[in-house]
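Please have the sequence and the structure open while I talk.

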Amino acid sequence: MSVSATPYATEVRTRVRVKHLQEMKHEGRKWSMLTAYDYTTASIFDEAAIPVLLVGDSAANLVYGYDTTVPVAVEELLPLVRGVVRGAEHALVVADLPFGSYEASPAQAFETAAKFMKAGAGAVKLEGGEDYAEHIALLSRAGIPVMAHIGFTPQRVNSLSGFRVQGRGDDAETLVHDAIAVAEAGAFAVVMEMVPAEVAAQITAKLTIPTVGIGAGRDCDAQVLVWQDMAGMTTGRTAKFVRRFAELGKDLGQAARDYARDVEHGAFPAPEHAY
């Protein structure tokens, strides 16, 4: 039985590999990525044929309730990776390397990445451009696929310059240089966060590896969103680049209220729910 180079878009599906994403780039076909932090959500997204699932360090905020991504530890993310891997029969699972787990040296990056690969991840992601080219190169030589992340990098930019667009004006050249550097170091894809659309389009045209946009315009090869933002699970102010494709937070809240009401009034469980 033959299988298409893009298995997630066919009736016959197989495990998504890095090569499939690169083939999509060459064919000019876009693909999607969502975060996932547990087995159930990963199973749903896998069934929906989302080709890439990211166990992001955004779990710091959305799973553990930290104010930023900085406090989350490798030991807190590893169980989430294991759960997502079990739920993702087809999707490529990418694991974020959290703050403090890779910056010191390429060797430190390898030790951390190896833990995530042993947990079942198919690739890892790290923040940084040319300064982390040696880290990416070592991981790539060791057979660990690396997704780079440039532009707004929450682990460090958040505390240095705040939540703002990166790569405007004279900084655009630096961003282009970073993108080329991580690609040449061996990254199989690069996330560009909060980057001017015209700069992201320029980078996408220059690179032979896929670009993944989040607040970087429509010309990127792929797009990623935090799933709770995408599905309307988060509250309060959201970034300009977020589109809510559902309002699950409201639906879940209403379901909980309906359940509590029926229990209190004796309407649940009804006779048909008893053995």
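Predicted model: local features only at pLDDT ≥ 70, side-chain atom pairs only at ≥ 80, totals over all residues.

Let me begin with a definition: I call a pair a salt bridge when a side-chain nitrogen of Lys or Arg lies within 4 Å of a carboxyl oxygen of Asp or Glu. As for accessibility, aspartate 258 is partly exposed at 27% relative accessible area, arginine 261 is partly exposed at 38%, and aspartate 262 is partly exposed at 25%.

A search of the whole structure finds six salt bridges, and another one I want to show you pairs the side chains of lysine 25 and aspartate 221, at 2.8 Å from N to O. That pair links distant parts of the chain, since lysine 25 is in helix H1, residues 18-27, while aspartate 221 is in the loop between S7 and strand S8, and the two are 196 residues apart. Here lysine 25 is buried, with a relative accessible area of 13%, and aspartate 221 is buried as well, at 11%.

Now to the strands, and to strand S6 in particular, residues 189-193. Why do I describe S6 as largely enclosed by the rest of the structure? Because five of its five residues are buried. Ala189, Val191 and Glu193 point one way from S6, whereas Val190 and Met192 point the other way. On pairing, five bridges join S6 to strand S5, residues 146-151, and these two run parallel; isoleucine 150 has methionine 192 as its bridge partner. Four bridges join S6 to strand S7, residues 211-214, again in parallel, and there glutamate 193 is partnered by isoleucine 214.

Turning to helix H5, residues 106-118, its 13 residues should span 18 Å at 1.5 Å a residue, and its end C-alpha atoms are 18 Å apart, which agrees. Its buried residues are Ala109, Thr112, Ala113, Ala114 and Phe116, and what covers them includes helix H4, strand S3, strand S4 and helix H6. After H5 comes glycine 120, whose phi is positive, near 115°.

Leucine 97, in the loop between S3 and H5, is buried with a relative accessible area of 0%. Not counting residues up to four places away in sequence, leucine 97 touches several residues, among them Ala109, Thr112, Ala113 and Phe116, and also Val124 and Leu126.

In helix H4 we find leucine 80, which counts as buried at 11% relative accessibility. Leaving aside neighbours within four places in sequence, leucine 80 is in contact with Tyr37, Val55, Ala59, Val63 and Tyr64.

That takes us to the surface, where Leu62, Val63 and Tyr64 form a nonpolar patch with about 220 Å² of accessible area together. Leucine 62 itself is found in helix H3, residues 59-62, and is partly exposed, with a relative accessible area of 34%.

Notes
Residues numbered from 1 in each chain as written. Heavy atoms only, no water. Patch = residues over 30% accessible without salt bridge, like charges linked within 9 Å, V, L, I, M, F, W, Y side chains within 5 Å. Areas by Shrake-Rupley, 256 points an atom, 1.4 Å probe, with all protein chains shown as cover. Buried < 20%, exposed > 50% of the residue type's maximum accessible area, 1.4 Å probe, protein only. Expected span 1.5 Å × (residues − 1). Contact = heavy atoms within 4.5 Å. Pairing = 2+ DSSP bridges.
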